[in-house]
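I opened the model to look up a few points on its fold. My notes follow the structure.

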Amino acid sequence: MNSSHFRPWLPVCILAVLLMGVTQWAASAEGKNPNAFNRLMTPMSERNPPPAEDGIHDPENFGTELLQHPRESFSNLPKSPSGNNVNWTKALENGDIAPRYHRDDDEATPIVMDLNIVREVKGSMPNVVYPHKQHTEWLDCSNCHPAIFIPQKGANQISMAQILLGEACGICHGKVAFPVSECRRCHSQSK
Amino acid sequence: MNYLSIHKSFLIATGVLLLALAVAWPGGQLRAEFGDVVINNYSDEAGMRPVIFPHWFHRIRYRCKVCHGDLGFKFEAGGNDINMLKIIDGEFCGACHNGEIAWAVENCDVCHSARPGTPTQVHESTLQKLIAPVDGAQGSKE
């Protein structure tokens, strides 16, 4: 190919069309369409952004560049609709992740207790089934007992309001563990 | 038309494109990872960027019990009164970030990586969302 085949206006036209697309996209990003779908929801494509673009990491900071991108890390993990968009319980069960149980010992294994506690709830919601098994995979008994939950049947009054305010189950759920929007993962036993 | 002018038109158009992108890019949104903890007990005062602790990164490698049981981290953002002296002495983060289990304290800006002035918080927590509505100052999603 020689230079006579070049049509200088062609790249300019292509770029202009691209530019129009970008402008339109920008207009919608600015909220110009008042009836956009899921106006207040973060679209899937914008979840788990790289640290430099997440709004709290400083993109000017050199160390920010060294941090792993969550999207890359989560690519092979089971999905979930909320939180990190990762189902951590399933990831552990499947063996997709193998977190250590001791600071510097790969062999240490957790003391797992397989005991479900059924909490009968008021109203029409299904009862809560609390599985010790999944919790003791991650945590030690002393993380919850006795400071957060008295280990005795009927001794712990828990309300959704408390949980929303970050107490009881809400000490983890809604901060690092799946939030209350996933009602059925706890309220799972029909009456 | 010669190569130079083709090159020029490309350059100009690319420049305009980049400018349009820069203007259009949704800036100032807070949408970092669920569970990222910002710790700004002393950082701002000391002229350092606040610390961001990524829970997601650590839970892939460690179960909760290791830090919240063995190392004594309370379940409260900013509630542990951590300082660099304690870390260097092997407490809190320093139990692993000692150059043996994980990289050591000389990598200041890998932890001290938040935008200056970011307050202590558990990012994206339910409580944070309840206090700061979606169109509020904290989690502005326009």
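**Chain B, then chain A**

I began with chain B, whose elements run α-β-β-α-α-α-α-β-α from the N terminus on. I noted 6 helices and 3 strands in chain B; helices (H or I, at least four residues) and strands (E, at least two) are DSSP runs, numbered from the N terminus.

The model is predicted: local features need pLDDT of at least 70, side-chain atom pairs count only at pLDDT 80 or more, and totals for chains, interfaces and linings use all residues. Residues are numbered from 1 along each chain as its sequence is written, while chains are lettered from A and ligands numbered from 1 in the order in which they are written.

I looked up burial in chain B: 27% of its 142 residues count as buried. Buried means 20 or more other C-beta atoms within 10 Å of the residue's own, exposed means 12 or fewer, and partly exposed lies in between, with C-beta atoms placed from the backbone.

In chain A I found an open sheet of 3 strands, in the order E1-E2-E3 with antiparallel pairing. Strand E1 (116–119) and strand E3 (187–189) of chain A are the edge strands, each pairing on one side only. E1(A) pairs with strand E2 (residues 127–131) of chain A over 4 bridges, in the antiparallel sense; strands pair if DSSP finds at least two bridges between them. A:Asn116 has A:Pro131 in E2(A) as its bridge partner.

Last, I checked A:Lys90, which is in helix H3 (residues 88–94) of chain A. A:Lys90 counts as partly exposed because it has 14 C-beta neighbours inside 10 Å.
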